[in-house]
Amino acid sequence: MRNIVAGNWKSNKLLNESEQFTNELIQQLSRIEKTEVFICPPAPYLAALASKHGSRGKLKIAAQQCSGEAMGAFTGEFSADMLNSCGVHAVLIGHSERREHFGESDDVVEKKVRKAIDSGLRVIFCCGESLGDRTSNNHFHWVEKQLIHALSNLNSKEMNQVVVAYEPIWAIGTGQTATAEQAQEMHAFIRTWISNQFGQEIALTTAILYGGSCKPSNALEIFKQKDVNGGLIGGAALEIDSFMAIIDAAEAC
Ligand code: PGA
């Protein structure tokens, strides 16, 4: 399976900065052969970046979220079908910052996954436990609950559109990374869950990314783990040099 590295810009960069970054990234990606690279820019830039770069193969454009509703009277929302019509390839769903700051419950996340899958987008589904759940040894239970809620209603064919990103909340933007062993242990747990739900073949072809303070200094060790298929990168995806160093680490695995 190809490794994936996805850069989540969150609410960062102005339009000219996003264009400059993407132009430079495209050039540097010419040396990358097997890793699938995504960027997740802020929503206002998606159509421009996707129409310019989205179909060139080396770089895929993903949104950071979408609506759980179809089109209609939902002021401020944008639907999965709209993203698709702009040439956007994928969408992050269930990121912990959406869950925490914008009240996205498991039910909302499930609706968004359904809409994105139906529109043909790939879904990068984010899950992960809080520090409290980790220290009280509830982390497997918590992640399993998130997986069941969001993914168990999909059929096997639909599951082919899904990439899972394990992002322990205590590691996001904190500089504190899960150890390679902690990541591997949870990734193996997620893969077993997928296997039990959808069969072994799907489990072996579903990419499971690690996210949470992943940076050039720790990416290789984490990506080398058996059940880690790349990373979802926040802070370190904002600069070309650090993002490329992480892509190189994925390419080396
Ligand atoms: P971080 O963010 O790499 O800055 O920890 C990861 C994410 O939130 O996707």
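An oxygen atom of the ligand is 2.7 Å from an N or O atom in the side chain of His95, a polar contact (a pair of N or O atoms within 3.5 Å). Taken alone, the ligand exposes 280 Å², and the protein buries 95% of that (Shrake-Rupley areas, 1.4 Å probe). This is a predicted model: local features need pLDDT of at least 70, side-chain atom pairs count only at pLDDT 80 or more, and totals for chains, interfaces and linings use all residues. Residues are numbered from 1 along each chain as its sequence is written, and side-chain values use heavy atoms, without hydrogens and water.

**Ligand surroundings**
- Around the ligand are 13 residues, of which Lys10, His95, Glu167, Gly173 and Ser213 come nearest (a residue is near if one of its heavy atoms lies within 4 Å).
- The shell divides into 4 nonpolar, 7 polar and 2 charged residues, with Gly counted as polar and Asp, Glu, Lys and Arg as charged.
- A backbone N or O atom of Gly173 lies 2.7 Å from a ligand oxygen atom.
- A polar backbone atom of Gly235 is 2.9 Å from an oxygen atom of the ligand.

**Salt bridges**
- The structure holds 14 salt bridges (a side-chain nitrogen of Lys or Arg within 4 Å of a carboxyl oxygen of Asp or Glu).
- Glu104 and Lys112 meet at 2.7 Å, N to O; Glu104 is buried at 6% relative accessible area, and Lys112 is buried at 6% (buried means under 20%).
- Arg134 pairs with Glu129 at 2.9 Å; Arg134 is buried at 13% and Glu129 at 0%.
- Glu36, Lys60 and Arg122 are linked in a network of salt bridges.

Notes. A polar contact is a pair of N or O atoms within 3.5 Å; within protein, one must be able to donate a hydrogen and the other to accept it, and residues adjacent in sequence count only if both atoms are side-chain atoms. Buried means under 20% relative accessible area, exposed over 50%, partly exposed in between (1.4 Å probe, protein chains only).
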